[in-house]
Amino acid sequence: MDLDFTAEQVEFREQVLTWLTEHKPRESRPRDDAGIREYDLAWQRTQWEGGWAGIAWPTEYGGGGLTLLQQLIWYEEYAAQGLPGIDACFVGLNHAGPTVMLRGNEEQKSFHLPRILKGDVIWCQGFSEPEAGSDLASLRTKAVIDGDHLVVNGQKIWTSSANCADFQELLVRTDNTGSKHDGITWVIADMHTPGIDIRPIKTMEGGAEFCEVFYDDVRIPLSNVVGEINQGWSVAMSTLSFERGTAFTANQVRLAKVVEDLIDFSRDHVGPDGRRPAIADDEIARRLARSRASVASLRAMTYVGICHTMKSDTPGPRGSMLKLHYADLCKEIAALAMDIVGADGLRNSSRWDPMGWVGNYFYSFSQSIGGGTSEIQRNIIGERVLGLPR
Amino acid sequence: MDLLPSEDQRDLIAAATDFLESRMPIEGIRARDGQPSAVDRDAWLEGAELGLLTLGLPEEYGGSGRLLDDEALLFATLAEHLATGPFLTSSLAARVAAQCGDLDLVGRISDGSVLVGLAELRGDGSIGPEGIKGTFDLIDCAGVSHVLLVTELGAAIVDLDEFPDVETLDSSDPGIRLATSTVTAATVRHWLPSGTDPIWLRATVLSAAGLAGLANAVTRLATEHAKLRVQFGRPIGVHQAIKHACADMAVASDAAMSQTLFAAVCVQSGRQDALFHALAAKTVASRAAIANAGATIQVHGGMGYTYEHNAHLYLKRAHVISHLFGEPTQVLADLLEQGAPQ
Ligand SMILES: Cc1cc2nc3c(=O)[nH]c(=O)nc-3n(C[C@H](O)[C@H](O)[C@H](O)COP(=O)(O)OP(=O)(O)OC[C@H]3O[C@@H](n4cnc5c(N)ncnc54)[C@H](O)[C@@H]3O)c2cc1C
C-alpha cells in the first residue's frame, strides 16, 4: 500500500494550486437567484477556459481524460482554498453529465456535455414528487407519447436550483401497467418549455434552494429520451450511484476544512462560559479532537473508495457508506459548532458567511435527507453490502 | 496511491487466519480461564515458526522485513480471532532488542521461547533509560521473562524480576492476564529512543489495527446472526432496528480500518502528519470496536449476554486495547495539539 502520488500527479497538484491562486473568484457568492446563476456559471466557464473542467471526464467529451486521483487532487486543493461548492453546477457535472455520458446517444452527448463543462447551462434534477420521495419508483408524473413528443403532466418537488436551471433530468411515468420500476422514462426537459411553472420553497436555512415544479401539457421531443422509453429506472440508478460515489469527494474535503476552521475559531474566541477560549473547555476540546479523527477517517474511506472505483469503474453500494458517514459527521460537527458559539447562536447567519456556524447548522439537517435519506442508505448498506434479507 | 490489500497481503491474512482458526480457537480462552497463563505455549511456538512475531522485523535480524501496513493487517487479523498472548509487545520488543544489539534476545523472542509482556504506568512515576519507577499494570506477563514499556520518548525492555511483589488481579478480559507491581527502582535492560525508532507510534497504529479488526469481526458476527435468527417467522435482519444497527457497524469498522491503513502508510513513509493519523486511527478504532461490540451483544439477545457466547470477549478485548499506549482522553488531547493534516 502507498499514499504516494506520482511525479506527474505532484506536478499536477502544483499546476492546480498555481492556477487556483491566480483565478479563483475574489467576490463572495451572491445570495439572489440571478446572481447565483451568473456567479456559478462564470466560475465554471473560467475553469473550462483554464482547462480544468471535467478533469476525469473523457477527452472526447471535452474533459481532461485524467484519473479520479487527479480529480481528487483538484478537489483537495480547491477546498483548501476555501472556494464555494459547485452548487448550481452540481447536477450537470455529477448527475446529468455522467448519465448522458453512460446512457445517452451521440447527439445528446455532443450537444449537452460540452455545454455543461463550458458553464453555459445549469441542470436540475426532477426526481422527487410529493408522493414519491424515498419510494422514488412510485412516481406518477405522467408522460404520453404524442407523435414525436412526450406530453408531460404532473408535479415534482424539492428540485434544487430549478429556478435558475436550463435543463432538467426528469423522471416520468410512461407506463403503469407493469411493476412500478418498469414504465419510468428518463428524459431531458428544457426548463424554458411552455407549461412549466416553478415555485421556490423557502428552506429552514432561509434560502430558496429548492422548488416545486408543475408540468401542464409540457411537450418534450422524444429525441430527448435518454436510454429507451420505460427503461428510465436503470438509467436513474446509474446517476444515483455516481452521486454517492465520486461526487462526495469535494464535500468531504470541505468538511475537513470546516473542522480545522472550527478549531482555529475555538482558540481565538471566548467559549460559552464567556471567559476562556472555547477550546479550554474539556468537553469541547474532546469533541473537536473526535471530529478531527472522524473526518480523517472519512478521507481515508474516500481514498479507499477511489482505489476500488479505479479498479471497477462504478462506485457501487460502497458509496452509500461514504454518504451515510458524511451526513452523520456534518450534523455532528455543525451541532458542535453551535455548542462552541454558545449564546452567539441567537444571531442568525448564512452558511455562505465566513464562520457562518448558525446557517451551517441549519443547513446540516438537509444532509441526511437530500440525495436519499440516511435511513435509505442504511437499507442499501444492510441489503447490498451486508446481504441482509429485505 | 493504493490502499487496497495486495494479493500478497491477502495471502498473508489467509495464512494467519488458517493458523488461528485451527491452532488458537476462541474456545481456548474459556478452556484456560482460571489458569495462570492465557497462552497455549505449543500454539505460540507454532505461531512464532510461522513468523507471526517477526513480520515487521528487518531481514538482517531474521525477520520478514515487511512494511507496517502488512503488520497492521496481521494485527487486525489476530484481533479478529481474539488471539491470546502478547503478540504485539513481543514483536515490538524484538524490534527494540534488535536495534539495541541484543541479538540473542531477538532470536529467543523470534523462535517463541521468550515472551514479552506489557507494563503500563498507572499514575505518577517515570520510565526512562536510567530506570523505571511507579505502580504498573502488568498485562500478559504471567510466565514471561521480559516486559516492554512504551512511552512517547522511547521504549524500554525490563526483566520481569525487576518488578517486586507482583500481585495477580482478576482481569476484566478473560483472554488476558493482569497483575500489578509497585517499583521504587528498577534497571532497564534496553532503552530505544523514539528518535531511533518510534515504537510508540507503531504501537499506536498496531493497536488501532487490533481495534479495527475487533470492530470488523463483531460486524460479521452480528450480520450472520441477523440473517439466521428467525423471530415472528422472518430473519431478524429484515427489521430495520437490526439492519440499520448492522449498517452502522459496517460504516464504523470500514472507517476504522481505512484510517488505520492510512496511518500505517503515513508512518511507513515518514509523512509529517503520521502522528496525527495514528492518533486519529486509535480514536476512531476504539470507538468503533466498543460501540460495535456492544451493538453485537444487543443483536444476539439473551445469548449475547452469556459467558458462552463470544460477543463479550470482543467487547472486553476492545476495552483493554483502547487503554494501551495512551488513555483515550490523552490521545484526544494529543490529537488536538497536532497541526492540521497534510
Ligand atoms: C436540500 C435538499 C435538496 C434536494 N434536492 C433534490 C433535487 O434536486 N431533486 C430531487 O428530485 N429531489 C431532491 N431532494 C429530495 C430528496 O431526495 C427527498 O427529500 C428524499 O429522497 C426523501 O424523500 P421525502 O422527502 O419524500 O421523505 P420521505 O420518503 O417521506 O421520508 C420521511 C422519513 O421517512 C423515512 N423513510 C421513508 N421510507 C423509509 C424506509 N423504507 N425505511 C426507513 N425509513 C424510511 C425517511 O428516511 C425519512 O426520515 C432534495 C432534498 C433536500 C433536503
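UniProt positions are given here in the numbering used for this structure, and such annotations may be inferred rather than shown by experiment. The views below come from a predicted model.

**View 1. The middle stretch of chain A, as UniProt marks it.** The UniProt record, an unreviewed entry, puts "domain: Acyl-CoA oxidase/dehydrogenase middle" at residues 124–218 of chain A. Look for strands here: the span is 52% strand and 0% helix. Its end C-alpha atoms sit 17 Å apart.

**View 2. A:Phe111 meets A:Phe167.** Over all chains, the count of aromatic pairs is 16. In this one, the ring centres of A:Phe111 and A:Phe167 are 6.5 Å apart and the planes stand at 85 degrees, so we call the pair edge-to-face; the cut-off for that label is over 60 degrees. A:Phe111 belongs to helix α5 (residues 106–118) of chain A and A:Phe167 to strand β4 (residues 167–173) of chain A, so the pair ties together parts 56 residues apart in sequence.

**View 3. B:Phe136 meets B:Phe163.** Here the ring centres of B:Phe136 and B:Phe163 lie 5.8 Å apart with planes at 90 degrees, so this pair is edge-to-face. You'll find B:Phe136 in strand β2 (residues 131–139) of chain B, and B:Phe163 in the loop between β4 (154–159) and β5 (167–169) of chain B, so parts 27 residues apart in sequence are tied together by the pair. Both B:Phe136 and B:Phe163 are buried.

**View 4. An aromatic cluster in chain A.** One cluster is made up of A:Phe12, A:Trp19, A:Trp43, A:Trp52, A:Trp74 and A:Tyr78.

**View 5. Arginines over rings.** A:Arg13 holds its charged end over the ring of A:Phe5, 5.0 Å from the ring's centre. Then there's A:Arg29, which lies over the face of A:Trp352, 4.2 Å from the ring centre.

Notes:
Residues numbered from 1 in each chain as written. Chains lettered and ligands numbered in written order. Predicted model: local features only at pLDDT ≥ 70, side-chain atom pairs only at ≥ 80, totals over all residues. Heavy atoms only, no water. Helix = DSSP H or I, 4+ residues; strand = E, 2+ residues; numbered from the N terminus. Phe/Tyr/Trp six-rings, centres within 6.5 Å; stacked < 30°, edge-to-face > 60°. Buried < 20%, exposed > 50% of the residue type's maximum accessible area, 1.4 Å probe, protein only. Lys NZ or Arg CZ within 6 Å of the ring centre and 35° of its normal.
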